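Q: I would like to learn how to read contacts in a model. Shall we take them one by one?
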Amino acid sequence: MDQLPAHGRLGRFREYVRRNPLLNTTWRIGVFTVGVTVLIGGLVMMVAPGPGILGIVVGLAILATEFAWAQRALHHAKKAAERAKEKALDPKAKRRNAILGVVVGILVGAAVVAYLMVYDFKLPWDIQDWTPWK
């Protein structure tokens with residue numbers, strides 16, 4: 001993997017670590033552990049509350065600092081995000097999705113009303129006898 005020239009104190013530190021095989025392996029294991037942890041957290045947040053996509057991208061970015069496969073995955077993820085953005089901003093698709101949302105909302109509302117009418121739903125304030133001691 002081609003590395004950029006080292007600049008500053010952090011760059012000199014990283015070059016020192018790269019020259020020592022044991023430190024380099026330890027560094028890469030640490031980067032892998034942190035990156036995979038953040039990536040898994042992002043995957044969990046896809047179904048749980050939280051910024052799942054951000055976690056995935058940050059995890060891949062951490063891994064991409066040391067691993068070429070993660071750089072490729074991050075590049076593919078960026079391209080997929082760009083395609084999704086272009087698709088979401090398409091006026092025809094936005095109009096179609098808005099119409100579909102309204103139609104589905106009306107159908108769900110009609111189904112709820114029909115269910116309540118068929119099973120004779122009584123509203124809580126429709127009380128015949130107000131005496132609490134019976």
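Q: Which side chains meet in a salt bridge with an N to O distance of 2.8 Å?
A: A salt bridge needs a side-chain nitrogen of Lys or Arg within 4 Å of a carboxyl oxygen of Asp or Glu. Here Glu66 pairs with Arg14 at 2.8 Å. Glu66 sits in the loop between α3 (52-64) and α4 (68-88) and Arg14 in helix α1, so the pair ties together parts 52 residues apart in sequence. Helices are DSSP runs (H or I, at least four residues), numbered from the N terminus. The structure holds 4 salt bridges.

Q: What should I know about the source?
A: The model is predicted: local features need pLDDT of at least 70, side-chain atom pairs pLDDT 80 or more, while totals for chains, interfaces and linings use all residues. Residues are numbered from 1 along each chain as its sequence is written, and side-chain values use heavy atoms, without hydrogens and water.

Q: How are two packed helices described?
A: By the angle and the distance between their axes. The axes of α1 (residues 8-19) and α2 (residues 21-45) come within 5 Å and cross at roughly 115°. Axes are lines fitted to C-alpha atoms over the stretch in contact, with angles from 0 to 180 degrees between N-to-C directions. α1 and α2 are therefore roughly perpendicular (65 to 115 degrees).

Terms used
Helix = DSSP H or I, 4+ residues; strand = E, 2+ residues; numbered from the N terminus. Parallel < 35°, antiparallel > 145°, perpendicular 65-115°, else oblique.
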